[in-house]
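The following paragraphs lead the reader through a protein model, from its overall make-up to selected contacts. Please keep the sequence and the structure in view while reading.

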Amino acid sequence: MQRLLTITLFLIFGFNYAQENHATRISQEVLQVTDTILKTDELAENKTLDSVTTDSIANPVNGIALIDHPEVSEFDKKWLEVWRNNVVDSSLVINPQDTIGKIVIDSFSTDVLKERIAILDSQTPFNFEYNPSLEKIIKHYLKNRPQTLANLMGRAKYYFPMFEEHLAKYDIPLELKYLAIVESALIPNAKSRVGAKGLWQFMYGTGLEYDLKVSSYVDERSDPLKSTEAACRYLSKLYGIFNDWDLALAAYNSGPGNVNKAIRRSGGQKNYWNIRNNLPRETAGYLPAFYATYYIFEYAEEHQLYPTNEMVNTFETDTIVVKRQITFEQINNILDTDTELLTFLNPQYKLEIIPVVKNRNYTLRLPKYLTGKFVSNEDEIYAYAEEEDAKREKPLPKYFEASDRIRYRVRSGDYLGKIANRYGVSVNSIKRWNGLKSNNLRVGQRLTIYPRRAVASAPQTKNTNPPAKKPAPKGEFKTYVVQKGDSLWLISQKYPQVSVAQLKEWNDIWSTKNLKPGTKLKIY
């Protein structure tokens, strides 16, 4: 499986990792720096309904008077408290007194690093060995990218419990949770220059082999749960071939064929460090990057690294199988959340729309307190979505599978390269599917295409004009200074009884682009 060397490491080189279309430029710089290191060393009120107590909200949302079930909410709180009391990964627990501004990278000796690596090696089935190149990589990351590492740890707080559950299911070493950092920097929509996508960087074909479907609405390679399941199955298969986790990881990156060729060119040696020079350049730096990440996370506290910008714990969320097509915008309007949160929890939905398809169960993941509110008001929410859809000037894009065969009608200005690029296939494939002996096309000609890329018309452009301003409230207010990584939803959680809508209204903010570090917000 060809992919970038550590889209994760692109984080470590300070790029805006949320922009997946920057992947090629990022990979070039990552490879350049990693190669330099390796080459240098050669390596509301109460009512009673049927005896069930409910709370009705005094101020309806979009005309819907939402209800909640306070007794069930109390059950949720107690269950979450059980989970919080059983969080055993102390390296992911934030000490409010430890801030990124206090971090000082002390010079620690080679002997200390060797001792720590030996301890880790004794606890893992990997061949975790010290070498000067690995030392330079570790110290480079610690010195130059502490904020990036802290951000990664914040994201790991959400993803790692999910990964560990699946890894344990397949009896795979739990250390492999760090592989997703190397692969994608824990960015579920990360895409490499060769088309691999998701937390575990699956190519389209390999994804299909492991039941990861791609459609005009959904890319399951970006589904955290489904892609993790697929990655575990693939890693188990590779280990069954090589019976060595180092070689299995090398094969995960470059394919079993390249690993086999490297073993042959190394005279039959099967130790990763002995065959590394005969592996593709990306793979030669792949395991050092994995080991460096492994060390840094295991010894983060010793280097005064603590997680920042965490969104939510996995156990604080739950899923709902949707019964009707619904958009993120409609969910936001009802539950008063924000798109950033929904996108973080549901990254597989490409158009911010959750479809309903026969024989498929598509789910919506929400924080537990919002899950309860959604379930308690499900019929009303779907009725609202239906009413909003009826107002659309244009229908939503048609759902289709990326693997479906389509018949394409050639238009004026079309040529084979343009059509091939549109559907993510090669010119030769189009010629083979249609028996073409040349590249010549005629307007109106019909072509059979098996697309590798889902193409849908763009979703209806949202109205970015802010609604009519309401008079600002009078009275005393607090001032909040926006920090890096903040969102309106995250800020609203810091103030009881303050909603995202209120923050927008009080501060005349109608686009997240206006929310920049240093911006001062009024909190009434």
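Helices (H or I, at least four residues) and strands (E, at least two) are DSSP runs, numbered from the N terminus. On this basis the protein chain contains 22 helices and 11 strands. The model is a predicted one, in which local features need pLDDT of at least 70 and side-chain atom pairs count only at pLDDT 80 or more, while totals for chains, interfaces and linings use all residues. Residues are numbered from 1 along each chain as its sequence is written, and side-chain values use heavy atoms, with hydrogens and water left out.

A residue is called buried under 20% relative accessible area, exposed over 50%, and partly exposed in between (1.4 Å probe, protein chains only). Of the 524 residues in the protein chain, 48% are buried. The chain exposes about 26,500 Å², of which carbon and sulfur atoms supply 47%; such areas come from the Shrake-Rupley method with a 1.4 Å probe, and for residues only the protein chains shown count as cover.

One place to look is the crossing of helix 4 (residues 110–122) and helix 14 (residues 286–298), whose axes come within 11 Å and cross at roughly 95°. Axes are lines fitted to C-alpha atoms, for helices over the stretch in contact, and angles run from 0 to 180 degrees between N-to-C directions. Helix 4 is therefore roughly perpendicular to helix 14, a term that covers angles of 65 to 115 degrees (under 35 is roughly parallel, over 145 roughly antiparallel, and the rest oblique). Helix 4 contributes Leu-113, Arg-116 and Leu-120 to the contact, and helix 14 contributes Tyr-294, Tyr-295 and Glu-298, where contact means heavy atoms within 4.5 Å.

Attention now turns to aromatic rings. Rings of Phe, Tyr and Trp (its six-membered ring) pair if their centres lie within 6.5 Å; planes under 30 degrees apart count as stacked, over 60 as edge-to-face and the rest as tilted. By this rule there are 30 aromatic pairs. Tyr-159 and Phe-163 form a stacked pair, because their ring centres are 5.9 Å apart and their planes stand at 15°. Both residues lie in helix 6 (residues 146–169), 4 residues apart, about one turn of the helix. Tyr-159 is buried, at a relative accessible area of 0%, and Phe-163 is likewise buried at 0%.

Tyr-480 and Tyr-495 make an edge-to-face pair, 6.2 Å centre to centre with 90° between the planes. Both of these tyrosines, Tyr-480 and Tyr-495, are buried.
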